[in-house]
Structure formats: C-alpha cells, structure tokens
Amino acid sequence: MKRFVVGISGASGMPLAVTLLRGLRNAAPALPGGVQVHLVVSDAARQVLALESDLRAEDLLALADVVHDARDFGAPPSSGSWPHDGMVVCPCSMSTLAAIAHGTGSNLLHRAADVTLKERRPLVLVVRETPVSRVHLRNMLAAAEAGAVIMPPCPGFYARPASVQDILDHLAGRILDQIGVPNTLAARWGEAADTE
C-alpha cells in the first residue's frame, strides 16, 4: 500500500485540492495494495473552501481515508518514524511556504512537511500567489534547497483544455506524477487531446 499525506492550507485553489484528492482515490486500484490518504486541513483552508466551492468541509474530508486535526502534534505524520510515500501541500499559501522553508511550523501541516523533508521523502508544494515578492521567491528557493518540489499551478494549453475542469485535471495529474502515482489525468506531450 502507498500512503500519502495531503495538506491543504488557506490559499486560493480548493477546486485543485479536490481534484487532486479524487485523483489519488481513483489511482488506488492501479497500485499494489491501493492508496491511503492522510489529510490535514488548516482552519484558513476551511474558510477558503466556503468561498471557492459549494462543498462543505465534510465533503472535502470524506475524500481522505484518515483526517488529522491541524492542531494535533501527536498525530502520526508529525513523526519521522511513521512511514509514508510523500506529501503534497495543495494549495500552499505563502505563510505555509515560509513556515516550511524555515522550519518554524505552528501546526501539524507545517510539522508534517518538515518531517517529510528531514526524512528525504517527496514533498510537493503547490504554491499559490501572484505576483510573488522577493520574500516569496527566497522562501521558494529555501524550500527547494531543502528538497521540496516547488510547483505553482501553471496550466499547460497544448492539450487544448475545453473547461476549467480540464485544466484542473491536467494540473492534478502533473502533481501526481511528482509523487509517483500513475494517472491519466494529464495529457502527455505528443499525446494531446484530439481537436476535431
């Protein structure tokens, strides 16, 4: 079984987080033993979810196998002795990026990311802000130097997306690629969608 941690912080991008969680769930049959998703959602993310979608917090949490309270530093993802196969923070706010980049975490999401880095496991930060300041850029560089993949949700248009959901699928597929989860969400270069 593959076990992944997904953190959702309070940046814009809740539809992408939902698409990512659904992609993980749909990938389970393709992986031996399936996939187990451990989810950590910040309080700010719950507020943004209400602004950006019609989903209730309960709907979002239902997409995970295990949900951990962001204030619970005793939860399994807070320890390096608890094995997992990678973590994604999607979306990753600039304050969450700063906490991860400088090891100054104040909640379980930050701590789990810190542990992921120190254990040399894959950590993907789907940073969401534009434009970015020098402070943001320095924090991205610091996180990248510590081992994180910095992955702003920049859409590719070679697959000729026909809807926002097409763009979300492509982005979620590229994120899943980074943690080694097979998927057909993202069109591959040279395999762009038929444009009839």
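Q: What is the strand order in the open sheet, and is the pairing parallel or antiparallel?
A: In this predicted model, the open sheet consists of six strands in the order β3-β2-β1-β4-β5-β6, and the pairing is parallel.

Q: Which strands stand at the edges?
A: The edge positions are taken by β3 (66-69) and β6 (149-150). Each has a single partner strand, so one side of each is left without a neighbour in the sheet.

Q: How many bridges join β1 to β4?
A: Three bridges connect strand β1, residues 2-8, with strand β4, residues 87-92, and the two run parallel.

Q: Which residue in β4 is the bridge partner of V5?
A: The partner of V5 in that strand is M87.

Q: Changing topic: how many salt bridges does the structure hold?
A: There are eight salt bridges in the structure.

Q: Let us take D114. Which side chain does it meet in a salt bridge?
A: D114 pairs with R111, at 3.5 Å from N to O.

Q: And where do D114 and R111 lie?
A: Both residues belong to helix α5, which covers residues 108-118. They are three residues apart, about one turn of the helix.

Q: What about D177: which side chain meets it in a salt bridge?
A: The side chain of D177 meets that of R188, with an N to O distance of 2.5 Å. This pair links distant parts of the chain: D177 is in helix α7 (residues 164-178), whereas R188 is in the segment after α7, eleven residues apart.

Q: Which residues do salt bridges that share partners join into one network?
A: The network comprises R56, E58 and D59.

Q: Within it, how far apart are the closest N and O atoms of D59 and R56?
A: The closest N and O atoms of D59 and R56 are 3.0 Å apart, and the two residues form a salt bridge.

Methods
Residues numbered from 1 in each chain as written. Predicted model: local features only at pLDDT ≥ 70, side-chain atom pairs only at ≥ 80, totals over all residues. Heavy atoms only, no water. Pairing = 2+ DSSP bridges. Helix = DSSP H or I, 4+ residues; strand = E, 2+ residues; numbered from the N terminus. Salt bridge = Lys/Arg side-chain N within 4 Å of Asp/Glu carboxyl O.
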